[in-house]
Structure formats: C-alpha cells, structure tokens
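Q: Could you walk me through this structure in plain words? I'd like to start with the charged side chains.

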2 protein chains.
Amino acid sequence: MNIGEAARASGISRKMIRYYEEIALLEPARTVNGYRVYGPQDVQTLRFIGACRRLGFPMTDVKALLGMWRNRSRSSVEVKRLTDRHITALRERVTELNAMITALEALAQACDGDDRPHCPIITAMANPDGSHTR
Amino acid sequence: MNIGEAARASGISRKMIRYYEEIALLEPARTVNGYRVYGPQDVQTLRFIGACRRLGFPMTDVKALLGMWRNRSRSSVEVKRLTDRHITALRERVTELNAMITALEALAQACDGDDRPHCPIITAMANPDGSHTR
DNA sequence: CATTGACCTTCCCCTTATGGTAAGGTTGAG
DNA sequence: CTCAACCTTACCATAAGGGGAAGGTCAATG
C-alpha cells in the first residue's frame, strides 16, 4: 500500500503520515525506489493516532499511548493516569475559556451596538485594571 | 521610558513589546542610539493589548480593536460585532473540548486502573469507529 | 579614565501540528 | 513515447510567544 492509499484508508493526510514517521510513531517499509509501503498494521496505527488526536491528546501523549498499546504487559493504571491528567488539562482550559466568555458576554451586553462611538467594551480594554471612571 | 521600564509598567514582556511593534501595533520613538522610547500613550496601548489577549482575542482582532479604539468616530456596533464573533468562536471551542471531556470521562470511568493490561481506553483508540468486537 | 553591570539592539532558533509548494523521480496506461 | 498520477525530499508558513548569542551603550564606581 502506497502512502496515498494508506491516507485514504486511515483518514490521515499524506503530510501528517510522513510527520508521524518523522517523530518516530511508525516506520513503514520502503520499496527499492524509496516509496513508503504500509501494511494493515500501519493503517491500524494511523487510525489509533487519529483517535487520540480527536480526543485532544498532544503528540507526546499519543506516543506514550502507542507504547502502552503495543506493550502487552502494560498496566491499565498507566493508561488511566495519563488520561486523567489529560482530562484535568482539558477542564482547566474550559474553565479559562468560560471565564473569558462570561467577561465578554457582560461587556457585549452592556454595549448598545449602535452607530455611536460610546462602547463599554473598548472602555474596558483601555482600563484593564477595572479602574472605572465614575 | 526604555523598553524594560515599559515592560514593567505594562506587564508585557520586552520580547512581546518588540513583537507587537513588528506587527505594527505601535511604533515607539527612537533615541539617536536606536533605543526605543515609550511614552504614557504607548504604555496605554500595551495595556490595551494585554487586556485583549487576556480575553482571548487573536492578534488580528486586537489590531482591529486598537484601530477602533483610536478611531473617535467608530460605531459601537463594529466593536460589538467583532466581540460577538469572538464569543461564538470561544463557545465552539468549549463545545469541542467538552465533547472530548465527556468521551474521555466515559472511557476513564470504564477503566479499572489496576496492574492488568485490559483497558477500555486503549481498546477505544484501537477501534476508532466504535466497531466493538463482541 | 577604566571597569563593571545593567541595560539596549538585531538576528536566529525553538515550540505544535498542520498545510502548501517546488523540483525531481517512478509507474502504468494508452 | 507520452502523460497523468503517483511518489520523494526539502523548504516555507502559520500564532504567540520564549531563549539566547553577539555586540553596542550608559551610569556609577574604583
């Protein structure tokens, strides 16, 4: 299987397949002409990587997860620990984003949104310490 | 005011102050020796930028917001429109992250987390289409 | 007057994960 | 033999920074 076919079979772009090889996530065989050759196992690996990425795991985690997948004597606690850390990171990010959303909603709600220049949003940016001029 | 002092006054690192200049957000004066010189207005600009960044606006939006701030004949509706688009983008991102969190929580909850290899998390990654082998 | 430390300057590399493009080689069909 | 559709490597770019080197400047101290 050539890289194009592997891309279609796995849903991973040719570009990213080569990148994953570069960071040592897989090592396809080569024909005498240097063409990469992928087997069903390689496609499985690519699909595994894709699943990890869709769940937001960074590449370092994906690498670790791949190692655990391949290691038949792994402990499920390792996997769970990694996953829990990732969940925690995602929750923190959501908390940050929600704080931004809440602040922005308050500002937008206070803005008339008409053709006049007065705008609480701009005022808030210009007075970042919350020092309101009353 | 030198760049170091401007950095302390604005809470923006020297590195980023130079970067913001590079992308034309401000243009400090220079001494004869080439040192950047910042006035109170520049510090105001930097604080404005910092406030935008803390609310998650991308630099392109920051640039636009700066322009609106400086434009005394702006319409507040422009500002509000930009803000609303940003809020929408943030909400979408939160929705994505929450979907990941939900999926990961279900997997983690199903994982025993002991010293045995069996692990639903790994199994899920290896079978990305949800094709469970029963 | 020289040294020293704290500034400042520009320039380049690194990050994450991904896309694009260009120059050139291979293959298979017609 | 040619042409399209592959493939290869190599480089550039992204967003928003951080790190650091090499070299210039300035003020205070000895």
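A: Glu21(A), Arg30(A) and Arg36(A) are joined in a network of salt bridges, where a salt bridge is a side-chain nitrogen of Lys or Arg within 4 Å of a carboxyl oxygen of Asp or Glu. Before going on, note that this is a predicted model, in which local features need pLDDT of at least 70, side-chain atom pairs count only at pLDDT 80 or more, and totals for chains, interfaces and linings use all residues. Residues are numbered from 1 along each chain as its sequence is written, chains are lettered from A and ligands numbered from 1 in the order in which they are written, and side-chain values use heavy atoms, with hydrogens and water left out.

Q: OK, how many salt bridges over all chains?

A: The count comes to 14 salt bridges over all chains. One of them is between Arg47(A) and Asp129(B), whose side chains meet at 2.3 Å, N to O. That pair crosses between chains, from helix α3 of chain A to the segment after α6 (120–126) of chain B; here helices (H or I, at least four residues) and strands (E, at least two) are DSSP runs, numbered from the N terminus.

Q: And is Asp129(B) buried or exposed?

A: Asp129(B) is exposed, with a relative accessible area of 56%. The cut-offs are under 20% relative accessible area for buried, over 50% for exposed, and partly exposed in between, using a 1.4 Å probe and protein chains only.

Q: What about Arg93(B), which residue does its side chain meet in a salt bridge?

A: The side chain of Arg93(B) meets that of Glu96(B) in a salt bridge of 2.7 Å, N to O. Both residues lie in helix α5 (residues 76–110) of chain B, three residues apart, which is about one turn of the helix. Arg93(B) is partly exposed at 39% relative accessible area, and Glu96(B) is partly exposed as well, at 42%.

Q: Switching to the interface, how many residues of chain A are in contact with chain B?

A: In chain A, 51 residues are in contact with 51 residues of chain B, contact meaning heavy atoms within 4.5 Å. The two chains bury about 4,400 Å² between them, with 71% of it on carbon and sulfur atoms; buried area is the accessible area (1.4 Å probe) that two parts lose on being put together, summed over both. Leu104(A), Ile122(A) and Met125(A) supply 15% of the area that chain A buries against chain B, more than any other three residues.

Q: How many salt bridges and polar contacts are found across the interface?

A: Four salt bridges are found across the interface of chain A and chain B, and Glu105(B) and Arg91(A) also meet through their side chains in a salt bridge of 2.6 Å, N to O. There are also 20 residue pairs in polar contact across the interface, both residues at pLDDT 80 or more. A polar contact is a pair of N or O atoms within 3.5 Å; within protein, one must be able to donate a hydrogen and the other to accept it, and residues adjacent in sequence count only if both atoms are side-chain atoms.

Q: Which element gives the most to the side of chain A that touches chain B?

A: α5(A) gives the most, with 21 residues. The residues on that side of chain A divide into 28 nonpolar, nine polar and 14 charged, where Ala, Val, Leu, Ile, Met, Phe, Trp, Tyr, Cys and Pro count as nonpolar, Asp, Glu, Lys and Arg as charged, and the others, Gly among them, as polar.

Q: New topic: how many disulfides over all chains?

A: A search of the whole structure finds zero disulfides over all chains, a disulfide being a pair of cysteine sulfur atoms within 2.5 Å. Cys119(A) is in no disulfide, and the nearest cysteine sulfur, that of Cys111(A), is 3.8 Å away.

Q: Last one, what is the phi of Ala24(A)?

A: Ala24(A) has a positive phi of about 65 degrees although it is not a glycine. Most residues other than glycine have a negative phi. Ala24(A) is found in the loop between α2 (14–22) and β1 (29–30) of chain A, and it is exposed at 53% relative accessibility.
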